[in-house]
Amino acid sequence: MTVGIVMLVHDALDRAEQVIRHWSASDCPVVVHVDKSVDRATHDAFVTALSDLPDVLFSKRHRCEWGTWGIVAASQSASEMMLEKFSQVRHVYLASGSCMPLRPVAELQRYLDARPRTDFIESATTADVPWTVGGLDHERFTLRFPFSWKKNRFLFDRYVEFQRRFKLYRSTPDGIVPHMGSQWWCLTRQTLSAILQDPDRPTYDRYFSKVWIPDESYFQTIVRLYSQNIESRSLTLSKFDFQGKPHIFYDDHLQLLRRSDCFVARKIWRHADRLYDTFLGDDAGAMKGAEPNPGKIDRIFAKAVDRRTRGRAGLYMQSRFPNENWENGFTSAPYSVFQGFGDLFENFDSWLAKATGARVHGHLFAPDVVEFEGRQETFSGALSNNPNIRDYNARMFLTNLIWNTRGERQCFQFSPRDSQIINWDMAKDPNAQISVISGAWAVPLFQSNRNFADLRAEAAALQKIESDHLNILRSPYAKARIRIWSMADFVESPMEALQSIVDEMGGKSLRRLAEAPRLVDLTGFGQFLQNLKNQGMHPYLMGDFPTEAAPDNVQPKPRKPYLVR
């Protein structure tokens, strides 16, 4: 009899009974502590169910609420009973009701027999502990925590603020340096008895009773006073997520648990029948021989945490929604946005689709309708062309469009006439390729036959919208691939600009573009801009278009249209 088990139980008593019988069958005495929150009838039935096992005892009950002193008190009471009643026990192993042996108990006994004076307990100073979550590391030892973090969170937070404000800090008892580590330890009789019989124990108990989460620091600190040989690690496989909550193992973790080579694991889901049947059954089905090495599966847990917190690029899920900017990339794939091209070219959409093979939409953010390719009413992923549905959450509309069409590049038109609520999201998206011909929105006004006063007012409004958009694109926060031409610069050498856009889209071929989209007739456009200036509106985004002034009694010569050569 070399290993005694101290087990803390608070629920799933049927599974706890199953594990206790497994320990007992291998000649391990068990002292059980049942949380005082368990009602008397349930407790008595549990005790009766195990009454046939003479080496299973029950200790004094304490109320064990997370983060409070009760868990330490329960461990102390059960450990004292273990040392008193079972004199042949050399190592005491602290476990919970949700812990389960992964290897034959005889292997654990042989492992500890070979290390009779070694204490297995994770024990590191606060400066060396990377896993504290919640902003309290050294302060958990210098402030007082009389209120429960779970049940009285308001009082907990207010009292912490009060102590910080008035600098009501306390010092640690003489001779100890606070350490932290996993709650689940395996200590030798000599070390554990020295901790429990320390003449200064009342002082330590008073101090740690007001420490936050003392079960992760009490034994981890005091053990440093007495142990001659500390292995700063736990023999229990216990993994935590990024919020500090323990991972729960289910049936589909069977092979993962086997690979860890650990002696014990927690937390096991109470309904994981396959795990309980496998590891508590015939020893032939359990792991054997290797040194416990939970690090072998750390990569898998790190990947799980990364998937939970970051997820896949462009895919949103519940665990990240409450936290702004937690998404792992706004969209999942590259896409292209063209501003002004549809105004300047007559057949730009069909030309671009032919030149690149991409899916080319119209104005997806048009105010009246979502212009999907072919003017479909619904698109991939049941996206509707209803602008009200789109604008309910424009970010998710664009994200879903890109996600649902993975593997196919999406392109669409954008304009100052469109809804602008997506501006910042596109500008900050590294997947976006945004090409802008500034001032091209004036071409449809130039081609219309409307009252000039109305044209002037609309031109002023559109120029203000595009100017704001360009400021966003030029912001230091913009991460998209952005190209901006003034309209005058673009029409001087449109093929060069179009070639650079197509090349950047990944459609680079062995030869240069041979066919160009049809440029609209811009004869008289310079005079149109001059007329806007004459009416008091300054159209500066188009660049410098030449204007041929003529005498009042002479009709100007018609200008040749701009041609793509």
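**Exercise 1. In which handedness of crossing does α3 pass α7?**

The model is predicted: local features need pLDDT of at least 70, side-chain atom pairs count only at pLDDT 80 or more, and totals for chains, interfaces and linings use all residues. Residues are numbered from 1 along each chain as its sequence is written, and side-chain values use heavy atoms, with hydrogens and water left out.

Step 1. Locate the helices. Helices are DSSP runs (H or I, at least four residues) and strands are DSSP runs (E, at least two), numbered from the N terminus. Helix α3 spans residues 70-85 and helix α7 residues 189-196.

Step 2. Take the axes, which are lines fitted to C-alpha atoms over the stretch in contact, with angles from 0 to 180 degrees between N-to-C directions. The two axes come within 11 Å and cross at roughly 125°.

Step 3. Classify the angle. Under 35 degrees counts as roughly parallel, over 145 as roughly antiparallel, 65 to 115 as roughly perpendicular and the rest as oblique. α3 and α7 are therefore oblique to each other.

Step 4. Assign the hand. A crossing is left-handed if the near helix is turned anticlockwise from the far one by less than a right angle, and right-handed if clockwise. α3 passes α7 in a left-handed crossing.

Step 5. List the contacts (heavy atoms within 4.5 Å). Q76, S79, E80, M82 and L83 of α3 meet R189, L192, S193 and L196 of α7.

**Exercise 2. Describe the packing of α8 on α9.**

Step 1. Helix α8 (residues 201-208) packs against helix α9 (residues 218-226) at about 150°, and the axes are 11 Å apart.

Step 2. The pair is therefore roughly antiparallel, and α8 passes α9 in a right-handed crossing.

Step 3. From α8, the residues R201, Y204, D205 and F208 meet Y218, T221, I222 and L225 of α9.

**Exercise 3. Work out the strand order of the five-stranded sheet and what packs on it.**

Step 1. Two strands pair if DSSP finds at least two bridges between them. The open sheet has the order β14-β17-β13-β18-β19, with parallel pairing.

Step 2. Its edge strands, β14 (359-363) and β19 (481-486), each pair on one side only. Direction ignored, neighbouring strands are turned by 15° against each other on average.

Step 3. Three bridges join β14 to β17 (residues 410-414). Helix α19 (residues 452-473) packs on the sheet and touches β13, β17, β18 (432-438) and β19, its direction making about 140° with that of β18.

Step 4. Check burial (buried is under 20% relative accessible area, exposed over 50%, partly exposed in between, with a 1.4 Å probe and protein chains only). Four of the five residues of β14 are buried.

**Exercise 4. Characterise the surroundings of T331.**

Step 1. T331 lies in the loop between α12 (298-309) and β13 (335-339). Its relative accessibility is 1%, so T331 counts as buried.

Step 2. Not counting residues up to four places away in sequence, T331 touches A313, G314, T399, I402, D429 and N431.

Step 3. With D429, the T331 side chain makes a side-chain polar contact at 2.6 Å. A polar contact is a pair of N or O atoms within 3.5 Å; within protein, one must be able to donate a hydrogen and the other to accept it, and residues adjacent in sequence count only if both atoms are side-chain atoms.

Step 4. Helix α16 (residues 394-404) has eight of its eleven residues buried, so α16 is largely enclosed by the rest of the structure. T399 and I402 are among the buried residues of α16.
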